[in-house]
Protein chains: 2
Amino acid sequence: MIVMLAGGIGGAKLVSGFYLGNLASELTVIGNTGDDLKFLGLRICPDLDTIVYTLSGKVDPKRGWGLEGDSFSTLDALKILGAQDWFRLGDRDLATHVWRSSLLAEGLTLTEVTRRMCQVFGVECRLLPMTDTYVPTEIVTEIGALHLQEYLVRERCRPKIRQIRYPGIEESKPSVAVEESICKASVVILCPSNPFISIGPILAVPGIRSCLRDTDVPIVAVSPIVAGKALKGPAAKMLEQLGYDVSPTSIARLYSDFLDVFILDERDEILRAEIEDMGIKVQVLNTVMYTLPDKIALARDILKSL
Amino acid sequence: MIVMLAGGIGGAKLVSGFYLGNLASELTVIGNTGDDLKFLGLRICPDLDTIVYTLSGKVDPKRGWGLEGDSFSTLDALKILGAQDWFRLGDRDLATHVWRSSLLAEGLTLTEVTRRMCQVFGVECRLLPMTDTYVPTEIVTEIGALHLQEYLVRERCRPKIRQIRYPGIEESKPSVAVEESICKASVVILCPSNPFISIGPILAVPGIRSCLRDTDVPIVAVSPIVAGKALKGPAAKMLEQLGYDVSPTSIARLYSDFLDVFILDERDEILRAEIEDMGIKVQVLNTVMYTLPDKIALARDILKSL
């Protein structure tokens with residue numbers, strides 16, 4: 001069984017390589033929920049949704065999130081009503097949030113709702129929220145503490161970051177299914193997702209990081225930084241503003257207490273030695289994924305390199 | 001000041017006659033909220049919405065409810081998710097419900113939310129929910145007790161009715177604005193709305209019926225039954241199944257403890273004497289409204305007849 005830790009768009013890319021390439025007899029994805037938000041009273045799980053929409057082939061291919069061909073009538077009407085409208089909600093996407101919120105209100109866990117969502121969308125691998133507790137990531141910036149989505153979407157990553165926090169996460173716990181899946185894994189793969197706002201929250205859920213430290217199976221991370229830039233999103237900006245070098249080495253160091261293998265892009269081969277010096281095995285691959293064949297090829301190469 | 005008690009479609013017709021005909025220097029509508037429902041976690045107020053949509057000219061003219069030209073993408077997607085989809089929610093209409101629900105969750109009263117809604121839609125008369133408490137009307141039928149909307153929409157009025165109840169209404173109270181408006185009214189008009197599921201719940205809110213009994217100003221009711229039929233909806237069926245004659249006389253009798261004037265349709269003039277025998281003044285008018293001029297004409301005729 002392959003277990004993958006994934007955020008949103010970047011994570012979904014590599015996951016779809018494994019999933020659509022049929023490279024695992026059993027595939028479990030532990031999805032970040034630190035980017036969840038409560039918006040207009042609805043519980044929204046952008047990373048989980050992006051994974052389900054991507055694996056089911058329904059994602060908007062240009063944006064990388066939301067549903068292809070979705071309309072925005074409700075959002076337009078909300079704007080007229082004077083409601084908050086900074087978080088983009090498509091009409092069909094909104095159905096997911098309304099449905100999820102109503103099931104959570106009925107007492108179902110997010111794990112169960114996500115299982116049902118996968119079923120409806122015909123997604124046959126297992127997608128597990130990192131925890132059933134609502135623990136939104138907080139970005140402390142020069143203009144104050146922001147909810148992660150306020151920082152990403154409303155403020156478009158403009159305010160300078162001072163700190164990234166996971167308030168309340170110490171009191172959360174991983175679901176039984178999350179702990180079990182790590183125990184049963186034959187390999188654990190950290191997707192090329194943002195280390196602070198995608199992988200970081202997953203690792204901060206009590207028990208998960210120690211599970212990874214304790215397990216004997218190989219743990220692999222794919223660098224989200226290539227040639228000094230983030231492939232997607234604010235990872236480079238965050239590294240810089242938090243005082244790290246914008247380098248794959250910084251990523252490897254963040255995971256060095258449990259990491260066995262680091263997948264470095266060909267463009268960064270020069271960094272091989274400094275990562276190996278941390279006691280981490282390095283594999284150099286082409287990690288940049290544009291097309292589905294790219295994704296499947298990277299997934300296959302990762303498995304081959306173990 | 002004219003105060004009108006109104007349900008949904010039928011009520012909105014007469015209200016729009018007064019409102020668009022500019023027949024009142026001040027117009028207050030006390031709207032039924034006994035048909036409110038909580039659907040997929042959202043608070044929906046069909047009668048209030050119908051009044052706002054109608055007075056703002058945005059109502060779907062064929063259906064008489066919902067917004068003209070609305071799409072149903074979210075509902076279609078909810079259906080695929082396996083969510084309940086029997087209550088028809090348009091995409092733009094849904095914005096109203098999401099927005100309202102989020103404001104109520106923030107602690108605003110339904111009265112305040114409705115005031116803001118009128119403002120956004122440019123509705124310049126006052127629309128007051130009969131109460132801020134959620135008190136859905138219950139229809140006890142041969143297949144069990146149903147929420148009013150389950151009876152109306154999901155079951156299409158098919159199950160035979162045994163009783164109509166307003167559970168919890170004894171513990172509700174009218175808002176201060178409702179009581180004040182009745183005290184300050186120069187005339188109170190009961191719209192040609194269903195006596196059991198539109199006007200009945202309003203009269204059942206503690207204090208409202210006694211307010212009407214005590215006031216000295218004329219109280220007028222327009223018959224929702226014409227020539228043995230309901231103009232719209234299940235009023236005739238309800239009268240019959242609850243053991244009443246399907247007749248304007250039955251309507252007048254339901255209100256006889258406070259009613260001063262009953263507006264009888266020309267087609268029912270023969271009933272004048274039996275209603276007058278209850279001590280109620282009768283005015284015979286053409287009460288059937290198809291066009292906006294019809295609505296304004298009826299409104300004007302009612303005022304003339306006082």
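The report below treats the relation between the chains, then their contact, then the sheets and helix packing.

**Relation between the chains**

The model is predicted. Chain A is superposed on chain B by a rotation of 180 degrees, with a shift of 0.1 Å along the axis and an RMSD of 0.0 Å. The two copies are thus related as by a two-fold rotation axis. Which residue of chain A comes closest to the rotation axis? That residue is Asp91(A), with its C-alpha at 3.4 Å. The same surface serves both copies, since 100% of the contact residues of chain A recur in chain B.

**The contact between chains**

Chain A gives 22 residues to the contact, and chain B gives 22 residues. On the side of chain A that touches chain B, helix H3 (73-81) and helix H4 (91-105) each supply at least two residues. H4(A) provides the largest share of that side, with ten residues. Sorted by class, the side of chain A that touches chain B holds twelve nonpolar, eight polar and two charged residues.

**The seven-stranded sheet of chain B**

In chain B, seven strands form an open sheet with parallel pairing, in the order S5-S2-S1-S9-S10-S13-S14. Its edge strands are S5 (126-129) and S14 (281-285) of chain B, each of which pairs on one side only. From one strand to the next, the twist averages 20 degrees.

Within this order, strand S1 (residues 2-6) of chain B runs parallel to strand S9 (residues 187-190) of chain B, and four bridges join them. S9(B) is also joined to strand S10 (residues 219-222) of chain B, by three bridges and again in parallel. S9(B) therefore has a partner strand in S1(B) through four bridges and another in S10(B) through three bridges, given that two strands pair if at least two bridges are found between them.

| Residue | Bridge partner | Strand of the partner |
|---|---|---|
| Leu5(B) | Leu190(B) | S9(B) |
| Ile189(B) | Val220(B) | S10(B) |
| Val188(B) | Ile219(B) | S10(B) |
| Ile139(A) | Leu146(A) | S7(A) |

Helix H1 (residues 9-20) of chain B lies across S1, strand S2 (27-31) and S10 of chain B. H1(B) runs at about 160 degrees to S1(B).

**The three-stranded sheet of chain A**

In chain A, an open sheet of three strands has the order S7-S6-S8, and its pairing is antiparallel. Why is one side of strand S7 (144-147) and of strand S8 (161-165) of chain A left without a neighbour in the sheet? Both strands stand at the edges and each has a single partner strand, so one side of each has no neighbour there. The twist in this sheet averages 25 degrees from one strand to the next. Strand S6 (residues 138-141) of chain A is joined to S7(A) by four bridges, and the two run antiparallel.

In chain B, helix H4 (residues 91-105) and helix H5 (residues 110-121) have axes that come within 10 Å and cross at roughly 140 degrees. H4(B) and H5(B) are therefore oblique to each other, because angles over 145 degrees count as roughly antiparallel and those from 65 to 115 as roughly perpendicular. The crossing of H4(B) past H5(B) is right-handed. From H4(B), the residues Thr96(B), Arg100(B), Leu103(B) and Leu104(B) meet Leu110(B), Val113(B) and Met117(B) of H5(B). By class, the residues of this contact are five nonpolar, one polar and one charged.

In chain A, the axes of H4(A) and helix H5 (residues 110-120) likewise come within 10 Å, crossing at roughly 140 degrees. That makes H4(A) oblique to H5(A). Their crossing is right-handed. Here Thr96(A), Arg100(A), Leu103(A) and Leu104(A) in H4(A) meet Leu110(A), Val113(A) and Met117(A) in H5(A). The contact of H4(A) with H5(A) comprises five nonpolar residues, one polar and one charged.

Note on methods:
Residues numbered from 1 in each chain as written. Chains lettered and ligands numbered in written order. Predicted model: local features only at pLDDT ≥ 70, side-chain atom pairs only at ≥ 80, totals over all residues. Axes fitted to C-alpha atoms, helices over the stretch in contact; angles between N-to-C directions. Parallel < 35°, antiparallel > 145°, perpendicular 65-115°, else oblique. Left-handed = near helix turned anticlockwise from the far one by under 90°. Contact = placed C-beta atoms within 7 Å. Nonpolar A, V, L, I, M, F, W, Y, C, P; charged D, E, K, R; others polar. Least-squares fit on C-alpha atoms with pLDDT ≥ 70 in both.
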